[in-house]
Amino acid sequence: MARILIAEDEPKIARLLADYLAQSGHEASVVGEGNRVLAAVAAERPALLLLDIMLPGQDGLAILRELRRDSALPVIMLTARVEEIDRLLGLELGADDYICKPFSPREVVARVQAVLRRGRPGAPANPFTLDESAQRIRYQGRPLPLTTTEYRLLQAMLSQPGRIYSRDQLLDLMHDDLRDVTDRVVDSHVRNLRRKLEDIAPGQAFIHSVYGAGYRFEVGEG
């Protein structure tokens with residue numbers, strides 16, 4: 001069980017997230033005003049903060065910026081903004097992940113558990129190493145024979161293990177020109193990537209399908 005603080009000013013969304021987190025064995029509390037979030041963090045000492053960007057009083061990005069001055073508390077940003085600059089800014093400030101509204105509460109729970117798992121003592125070491133200059137990825141020192149597209153996919157997944165990527169997000173990573181590309185192409189590339197990973201690491205399942213959502217990469221899951 002972990003204590004999760006939900007900073008969300010829409011009561012229905014906050015209550016729904018709290019209910020799903022409680023069903024998963026976590027303890028959830030809610031704060032609806034931006035200028036109360038930091039005080040709640042100090043008082044409750046949560047294991048993770050779900051932080052909405054659009055909060056009254058003080059917005060989520062300002063809260064995250066102030067929080068990161070002296071805290072490494074895991075933070076997942078919740079946002080209805082779809083502009084790339086907001087996503088990038090949130091991560092550059094030190095967010096561990098972000099989720100765009102509307103979202104599935106089950107997806108939020110899965111992402112919370114993935115972020116908590118990454119920070120847990122004794123978590124498995126990452127056997128993958130990335131050489132961006134050569135566009136090469138190695139598994140336990142052995143190079144993977146990847147195409148450019150497969151490299152882009154695996155690079156993105158390695159950068160945020162546990163995050164669920166939708167097919168549309170993976171398409172954006174794969175191709176600059178999407179006019180003649182369908183999301184089923186993603187499935188084909190993921191299938192090829194899984195095969196190559198299985199060849200070099202038999203019995204290890206790194207890329208997991210998430211029903212109705214997309215794909216998730218995890219190290220140390222069978």
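A residue is described here as buried when its relative accessible area is under 20%, as exposed when over 50%, and as partly exposed in between, with a 1.4 Å probe and protein chains only. The model is predicted, so that local features need pLDDT of at least 70 and side-chain atom pairs count only at pLDDT 80 or more, while totals for chains, interfaces and linings use all residues. Residues are numbered from 1 along each chain as its sequence is written, and side-chain values use heavy atoms, with hydrogens and water left out.

Phe 128 is buried, at a relative accessible area of 8%, and Phe 206 is likewise buried, at 3%. Aromatic pairs were assigned to rings of Phe, Tyr and Trp (its six-membered ring) with centres within 6.5 Å; planes under 30 degrees apart count as stacked, over 60 as edge-to-face and the rest as tilted. Helices (H or I, at least four residues) and strands (E, at least two) are DSSP runs, numbered from the N terminus.

The rings of Phe 128 and Phe 217 also form an edge-to-face pair, with centres 5.7 Å apart and planes at 70°. This pair links distant parts of the chain, Phe 217 being in strand E11, 89 residues from Phe 128 in strand E6. Phe 217 is buried, as is Phe 128. Ring pairs join Phe 128, Tyr 139, Phe 206 and Phe 217 into a cluster.

Strand E11 also takes part in an open, antiparallel sheet of three strands, in the order E9-E11-E10. Pairing requires at least two DSSP bridges between two strands; E9 and E11 (residues 214-217) are joined antiparallel over two bridges. Tyr 165 has Tyr 215 of E11 as its bridge partner.

Helix H8 (residues 184-200) lies across E10 and E11, at about 145° to E10; contact means heavy atoms within 4.5 Å, and angles run from 0 to 180 degrees between N-to-C directions of axes fitted to C-alpha atoms, for helices over the stretch in contact. Buried residues of H8 include Val 186, Leu 193 and Ile 200.
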